[in-house]
Amino acid sequence: MIELKVNEVAIPDALTFNYEEIKMQLAETLQRYETLVYTPEQMKDAKADKAALNKLKKALNDERIRREREYMAPFNDFKQKITELVALIDKPVTAIDKQVKACEEQKKSEKLEQIKQYFEAECDFPEWLQFDKVFVPVWLNATYSMKSVENDLKELKEKIFNELSALSEMPAFGFEATEVYKQTLNLNAAINEGKRLADIQRRKEEAERLRKETEA
């Protein structure tokens, strides 16, 4: 078994410098600039002060960058080597992953065919009902047994026939409501469509009655 063995190294001590001294000197030096207003005649002095401050800032940052490079050099070398090793591992991992996914897709395809065969041969659904209308993607999961799929289809079949029976007992427009149900498998949508058509019919008859009364 390949094992990563990293030699323990001492963590570098914190970098110390005359921080408090510089901070105090800066506070004294910079305080004068807080309220300082240069006259037009003093623009040369203003530019000189700005240059001096920028020079000091650059000196501080340059030293920080130099020290950072020194501190990070060993780690960056370690990081680069680890990255190279991980890249080597990624190649076979990707190849294996492709095979695993291909195998899983093959199993899903085989299970899908098995479900379709059961749907067509055993379920005895209405002829107008297509498999795609009832298919649920979770059925193809490896953790979802074929027995569970069969139970789902049996329950669905019972539900559909019960709802079709309810629609057939509608006093009017049961046929139209059933046609909507065939498209949606939604009982409420089908009933609402039947009610909508019945309401239109009622208003139509009422309008016809009023027209005849008016003519009379």
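Q: Why is the contact between the side chains of Glu-68 and Arg-64 called a salt bridge?
A: In this predicted model, the N to O separation between the side chains of Glu-68 and Arg-64 is 3.1 Å. The definition asks for a side-chain nitrogen of Lys or Arg within 4 Å of a carboxyl oxygen of Asp or Glu, so the pair qualifies. In general, side chains of opposite charge can pair when their charged atoms come close.

Q: Where do Glu-68 and Arg-64 lie, and how many residues apart are they?
A: Both belong to helix α2, residues 43–122, and they are 4 residues apart, about one turn of the helix.

Q: Why is Glu-68 called partly exposed?
A: The relative accessible area of Glu-68 is 43%. Partly exposed covers the range between the buried limit, under 20%, and the exposed limit, over 50%, so the label applies. Arg-64, at 44% relative accessibility, therefore counts as partly exposed as well.

Q: What makes the contact of Lys-101 and Asp-97 a salt bridge?
A: Their side chains meet at 3.3 Å, N to O. Lys-101 and Asp-97 both lie in helix α2, 4 residues apart. Lys-101 is partly exposed at 47%, and Asp-97 is partly exposed at 34%.

Q: How do you know that Arg-202 and Asp-199 form a salt bridge?
A: The N to O value for Arg-202 and Asp-199 is 2.8 Å, and the rule requires a value within 4 Å, so the conclusion follows.

Q: Why is Leu-185 called buried?
A: Leu-185 has a relative accessible area of 16%. Leu-185 lies in the loop between α5 and α6, and has a positive phi of about 55 degrees although it is not a glycine.

Q: Is Phe-173 buried or partly exposed, and what makes it so?
A: Phe-173 is partly exposed, because its relative accessible area is 23% and the buried label requires a value under 20%. Phe-173 is placed in the loop between α4 and α5, and its phi is near 60 degrees, a positive value in a residue other than glycine.

Methods:
Residues are numbered from 1 along each chain as its sequence is written. This is a predicted model: local features need pLDDT of at least 70, side-chain atom pairs count only at pLDDT 80 or more; totals for chains, interfaces and linings use all residues. Side-chain values use heavy atoms; hydrogens and water are left out. Helices (H or I, at least four residues) and strands (E, at least two) are DSSP runs, numbered from the N terminus. Buried means under 20% relative accessible area, exposed over 50%, partly exposed in between (1.4 Å probe, protein chains only).
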